[in-house]
Amino acid sequence: MEFISMEGITKIFGSVIANRNVDFQVNFGEIHALLGENGAGKSTLVNMLSGIYTPDSGSIFIRGKEVKLASPRVAIDAGVGMIHQHFKLVEVMTAQENIVLGQKGRSFLRSEALTQKIKELSDRFQLGVELGKKVYEMSVGEKQTLEILKVLYRGANILILDEPTAVLTPQETEKLFQIMRRMKDEGCAVIFITHKMNEVLTISDRLTVLRKGEKVKTLETKNTNTRELAELMVGHPVNLSINRAATNKGEILLEVKDLTCVNEEKVEVLKGLNFTLSSGEILGVAGIAGSGQKELCEAIAGLYPIKKGEIFFESVNLVGLTPRKIIVKGISMSFVPEDRLGMGLVASMDMVDNIILKDYQNQKGLLINRKPAAAKAVNIIKKLEISTPGIHHPIKELSGGNIQKVLLGRELDSHPKLLITAYPVRGLDINVSYKIYDLINEEKKKGVAILFVGEDLDVLLELCDRIMVLCHGEITGIVEARETTKEDLGLLMAGEKHGSLGGHDR
Amino acid sequence: MMRMVKRSKMPRSKSTGIRLLAIFLALFTSAILITALSLHPLEVYLALFKGAFGSAYRIREVAVKATALTITSLGIAIAFKMQFWNIGGEGQICMGAFFASFVALNYPELPRPLLLTLMICAGMLGGGLWALIPAYLKAKWKTNETIITLMMNYVALKWLMYLQFGPWKDPQALGFPKIPNFSLNAILPKVWGVHLGWIFALLLVILVSIFLNHSKKGYEIAVLGESENTALYAGINISKTIVTAIFISGALCGLTGMIQASAVNNTLSMEISGGIGFTAIITTWLASLKPPLILVVSVLFAALVQGGSFIQTAVGIPQAVAGLLQGLILFFVLGSEFFIRYKVVWDRPFFNPATKEAQE
């Protein structure tokens, strides 16, 4: 029997049941998507297949034979290879050196025969990896392809890709999908983890939905649609359209002129940005991760040194003002980094102490009155459905999504004139994500100017009025969201300037 | 194979249980040691207790030691809350004592309340300024405060040595290197047989408690300690917060210096700090930076020291053994913190069938 079967898998961490009695079958020669919200147990399940965790109960069969995958090495010997979200590559080494690294019995990393062997493999799967190229010279897409080649070289024929598209442009995603199809044609089993439903519908043959650690259903991709999948993931029907509030653009609130910033290595991270933002408008910022989004947000908030240029807010130049003065002017900045805690919150403190972070200085006297903040905390918990043992519980013990809601709740509650929000729904459940889009739209209706840094292009197109695309710290285009397509944004993200887009439609 | 795994959270009752077990184990281990010296452990422990609380005089001695420890620990706690590792309590005590002594020796005839007030201000100023040097270096050039505060202890100590053997040497001491005694007006009065410092200590426990938990500055110190980026983001003036917190931290240590010089030694000498600055680091840490706990731990610690010196004469064990007892108790109690934060997991790879399969 040509398939991988996980039967009755249960895994418990402390008091949390990560997987409960999950059955999961994948055939060779198929792309199988594993779909579910954050915390649904997708990663736990595949981590047991790749030997990182061992199940508390249940069995795993590969081609009908029961296997005990006690470590990643045992798993790779059994043919299971995993491509992690964060690449495990040595930057200063070449592609080939990275592939051979850590393999037994090979003292020489550059023999001709070896090169030939890897090259054949690369050609067979049409990966197109340049074996002599150093990793630090590679784009994110190239690094990912190299990771794939690495596990193929180690003999994997069951490939697990953990949210592989999160870091890619639409064009790179398309290329990855081609590689995945190629692997399927070569008879590999491909397991694809994601929470982006449109990708699932494009690429997978079958899919399995997990919810709260349990398997909901396995179904054929061609027989389903986004609406059904969202319902399966969440457990009840969801409304998947963003109600874009009618735009009632006011005066220009923020005007950025020739903004240039350099980082500690003296590299220009923002290169002469020019744009304006009016009250009652949402300006989206799109771009591959690390294109200058963080620096832009921090520069406006007074946290990043500015080399050249001006930032006018209500006709006052913000450059050189302290962060405190900028907060007082009514500018709120919330950046949700990958680890979600970052700079906006104090991990060991409770919700109340985190909520007073931005406004305790407005209180009179030397002492802090925490009562209003406690009331606010209760309010925010209700409004954003935060699950926490209580307002005095250290926030680092909450789940990532809940931590993030604390941050957003506080920023929205501060009634800013300019709201800068970066990746506000990073890793949040569909439900909550849409609730947050609604909240942002509400702020827009109140006349707040909003700078929205996002990663999901569909959302940017539906939510924003205009979208500014950054690439390597430069603005490659500012486009009207209602008249733009995802493909256009993708090209801008990859660095093509707005003017050169003309030939695209052919 | 053995591995350490971080614990998520432990109920209070369990962590208290572990700490009590640690104390019991310390006493048990010491008992073996004492038996090896052909002494009866229970007798020694009883003597230890009697030495600390057996008479009014001994209780007063414990109070004097606990006062110095408490005030210094409170100061160190403020710095530690900001994750500024102030190891310089010793030096700050020395400089506080030096400033206070300067006032005491130059204006011995001032009325008592005025002179003492001036000495207190001078002592706090001395300790605070001395602590500001590493704070300034850290705020300006991000130097490592642990090393600098530690090194500055020795600078302060040598400065007192210079004074004692040089310019401040008492000409009437027949060549003996000592600094003249203070006038009566420069000595803290006693309340219930113990110098006034114990009242300061109790008041300060309350004040520092309010400062750390309910004041804006205290909050800023905690935020800054957690993450400088977050502090910046919240618009906290970082340099100002560092300077304020460290000045207060040093000032409290300086106050200890003033108290020791005025009430305990009645003069300034090289032995003024007597290791309080270092011991206070341990008490602060054991009390997890909480002022009320600092008071409790300091009293227990003072009792241990006082009782330890008593058993040397009472039971006739060498000084080294008394030190060993203290060391063992510390070792076990501090060691138990590890087991509160981590648990040990034993992996048994040889019994795992999968490994066998892989070897085939």
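I began with A:Phe313, which counts as buried because 21 C-beta neighbours lie inside 10 Å; the label buried requires 20 or more other C-beta atoms within 10 Å of the residue's own, with exposed meaning 12 or fewer and partly exposed in between, and C-beta atoms placed from the backbone. I noted that this is a predicted model, in which local features need pLDDT of at least 70 and side-chain atom pairs count only at pLDDT 80 or more, while totals for chains, interfaces and linings use all residues. Residues are numbered from 1 along each chain as its sequence is written, and chains are lettered from A and ligands numbered from 1 in the order in which they are written.

**Entry: around A:Phe313.** I placed A:Phe313 in strand S14 of chain A, residues 308-313, where strands (E, at least two residues) and helices (H or I, at least four) are DSSP runs numbered from the N terminus. Setting aside neighbours within four places in sequence, I found A:Phe313 in contact with A:Leu253, A:Leu254, A:Leu318, A:Lys329, A:Ile331 and A:Leu418, contact being C-beta atoms, placed from the backbone, within 7 Å. I also looked up A:Val469, 156 residues away along the chain, and its C-alpha atom is separated from that of A:Phe313 by 21 Å.

**Entry: the sheet with S14(A).** I read an open sheet of four strands in the order S12-S11-S14-S15 of chain A, with antiparallel pairing, for which two strands need at least two DSSP bridges between them. Its edge strands, each pairing on one side only, are S12 (268-278) and S15 (316-317) of chain A. Seven bridges link S11 (residues 252-262) of chain A with S12(A) in the antiparallel sense, and A:Ile252 stands opposite A:Ser278 in S12(A). Across S11, S12 and S14 of chain A lies helix H9 (residues 293-300) of chain A, running at about 60 degrees to S12(A); the angle is taken between N-to-C directions on a scale from 0 to 180 degrees, with axes fitted to C-alpha atoms, for helices over the stretch in contact.

**Entry: strand S3(A).** I then turned to S3 (residues 30-35) of chain A, which is largely enclosed by the rest of the structure because five of its six residues are buried. S3(A) runs parallel to S8 (residues 189-194) of chain A, joined by six bridges, and A:His32 stands opposite A:Ile191 in S8(A). S3(A) also pairs in the parallel sense with S9 (residues 206-211) of chain A over four bridges, where A:Ala33 has A:Leu207 as its bridge partner.

Technical notes. Contact = placed C-beta atoms within 7 Å.
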